[in-house]
Amino acid sequence: MPYTPPLRDFAFILDHVVGFQQVRDTDRFAEATADTVQAILSEGGRLNAEVIAPLRRPGDVTPSRLENGAVVSPPGYAEGFRALADGGWIGISAAPEFGGMGMPQTLSTAFYEMMAAACLSLQMNPLLTQGQIEALEHHASDALKALYLPKLISGEWSGTMNLTEPQAGTDVGALRSRAEPQADGSYRVTGQKIYISWGDCDFTQNVCHLVLARLPDAAPGSKGISLFLVPKIIPNADGSLGQPNSLRVVSLEQKLGIHGSPTCVMEYDGATGWLVGAPHRGLAAMFTMMNNARVGVGVQGIGVAEGAYQHALAYARDRKQGPTAKGATAIIDHPDIRRQLAIMRAEIFAARAIAMANCVAIDMATATGGADWAARAGWLTPITKVYGTETGITVSDMGIQIHGGMGFVEEAGAAQFLRDVRVTSIYEGTNAIQALDLVGRKLSDGGAAVFAVLDEMAKAARASGMGAPVTEAVQALRAATEWMLGQGMEARAAGATAYLRAFARVLGADMHLRAAASGEGARVALARVYLDQMLPEYAAHLAAMRADPAAYMDLTPEDMTA
């Protein structure tokens, strides 16, 4: 079915909810005027609706495949990607000196949400490239920047990141890939990596891999990891392509969803690469790309949720099934169908607003160098990732339910949203890892960043005529945060996921209150849905947070057997 970009929601959130004007007012992003923002979102929406969205279904039924060691992408992907690259969309937020637009990440994120809704499998390719661009901007040598960034930004080349190995998933410190220095300053990289999205590509001239590996003098564990840029084809000094590198795609994973996106097993056999950042500091450099990707993956979930919601809404308006008390026959007039659709809409709005608030904080930190903005962005990133991806899964599942029996039939198209989005809660650090990061590293400031956010939410709730339940929720969340700060890491870990979900619920309510302050009838009604139907869940999450983990930790593997 057609995809309609949620341009009104984006404009409303930027203007009335997340304070995007602050970003416009900085010298760094002064060119992001109201007219420029509108033009970027409108044209980006048109591209995704007209060019990218028609590729979603073909990529599912005609997946990427491996032929003679090379990936063959689904029909239409090459043309869709070329339209994306030719329009300059890959470099929305990249540095102008290398060919980027230099726009705020907030706008780039809005564009990539629309692309995820249109075709998640294809969207993964430029999203990874965008993350690699940011990592190189921050950590690569001037020579690497000059050679690689213009090609990545133009879409002539694409980028990947290579972390996971068969024996080293979440425990990255267990990786075995190695890199040996050469006399010319390059390195020979050897090892195998798995789960590499778009590890090969037939619509870009080169594929550039960021690969984690160990130098000969590396210490054990994560402190001994370095980062290397390893291209599929070794470029000449002038940017032209030289000899093929010593790497190959071993196989493609057969997956539940995102069939159009090839997930590769990569083998490096003495492949030529160049060090990015300092020796043994590879994780610090890679985390620049990973943090970008964590926000991006949360937004993937929101985009897919929007697509699933639009699909379900259209079906509910057209499907005739039994009369209601009002005599209507379309299922959208049945109370439970209307309830589900309203919850889907309210969930998406809250998740989208949180992601936009996160990006505003990132942009303000970039523009001002303010530590408070950086801390806020750091706090919101795991919440954006978890809430965005869980929204994608929940909303896509509800979309199938609204379709009834037809939702279980692939021909209806509802199932693909759930199959595609399911992986987002797993990659770029599982959602449980995001929760551990929130209660661990992100609380290492003694709660300064979180208490600043809580103070703002409390102030907004007091100013709203609808804010009483949010005021109560913020108070409970403050007490929960103080409880967390008083615990050791083992207790924090046990309650981490519940704490993050509670925080996301209350933060979503804050976003809806800000929207309702506009006085628009639909915004007020949607806020009521969220406050009445969804906000109360925070109390259950906080109760679970404090529950004694012995209830399940005392169960032995034998006890788990039926």
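View 1. The protein chain shown here is a predicted model. Its C-alpha atoms fill a box of roughly 75 × 60 × 55 Å along the principal axes.

View 2. Of the 562 residues in the chain, 56% are buried. Among contacts with a separation of 6 or more, 74% are between residues 24 or more positions apart. The accessible surface of the chain comes to about 22400 Å². Carbon and sulfur atoms account for 54% of that surface.

**View 3. The packing of helix H1 against helix H15.** Helix H1 covers residues 7–17, and helix H15 covers residues 489–516. The two helices pack at an angle of about 90 degrees, and their axes are 10 Å apart. Angles of 65 to 115 degrees count as roughly perpendicular, so H1 is roughly perpendicular to H15. On the H1 side, the contact is made by Phe12, His16 and Val17. On the H15 side, Met511, Arg514 and Ala515 take part. By type, the residues of this contact divide into 4 nonpolar, 1 polar and 1 charged.

**View 4. Asn125 and the residues it touches.** Asn125 has its place in helix H6, which spans residues 105–139. Is Asn125 buried or exposed? Its relative accessibility is 1%, and buried means under 20%, so Asn125 counts as buried. Leaving aside residues up to four places away in sequence, Asn125 touches Phe81, Ser158, Gly159, Trp198, Cys201 and Phe203.

**View 5. Ile426 in the loop between helices H11 and H12.** The relative accessible area of Ile426 is 48%. Partly exposed residues lie between the 20% cut-off for buried and the 50% cut-off for exposed, so Ile426 is partly exposed. How far apart are Ile426 and Val386 in space, C-alpha to C-alpha? The distance between their C-alpha atoms is 9.7 Å, while in sequence Ile426 and Val386 are 40 residues apart.

Definitions and conventions
Residues are numbered from 1 along each chain as its sequence is written. This is a predicted model: local features need pLDDT of at least 70, side-chain atom pairs count only at pLDDT 80 or more; totals for chains, interfaces and linings use all residues. Side-chain values use heavy atoms; hydrogens and water are left out. Axes are lines fitted to C-alpha atoms, for helices over the stretch in contact, and angles run from 0 to 180 degrees between N-to-C directions. Helices (H or I, at least four residues) and strands (E, at least two) are DSSP runs, numbered from the N terminus. Angles under 35 degrees count as roughly parallel, over 145 as roughly antiparallel, 65 to 115 as roughly perpendicular and the rest as oblique. Contact means heavy atoms within 4.5 Å. Ala, Val, Leu, Ile, Met, Phe, Trp, Tyr, Cys and Pro count as nonpolar, Asp, Glu, Lys and Arg as charged, and the others, Gly among them, as polar. Buried means under 20% relative accessible area, exposed over 50%, partly exposed in between (1.4 Å probe, protein chains only). Accessible areas come from the Shrake-Rupley method with a 1.4 Å probe; for residues, only the protein chains shown count as cover.
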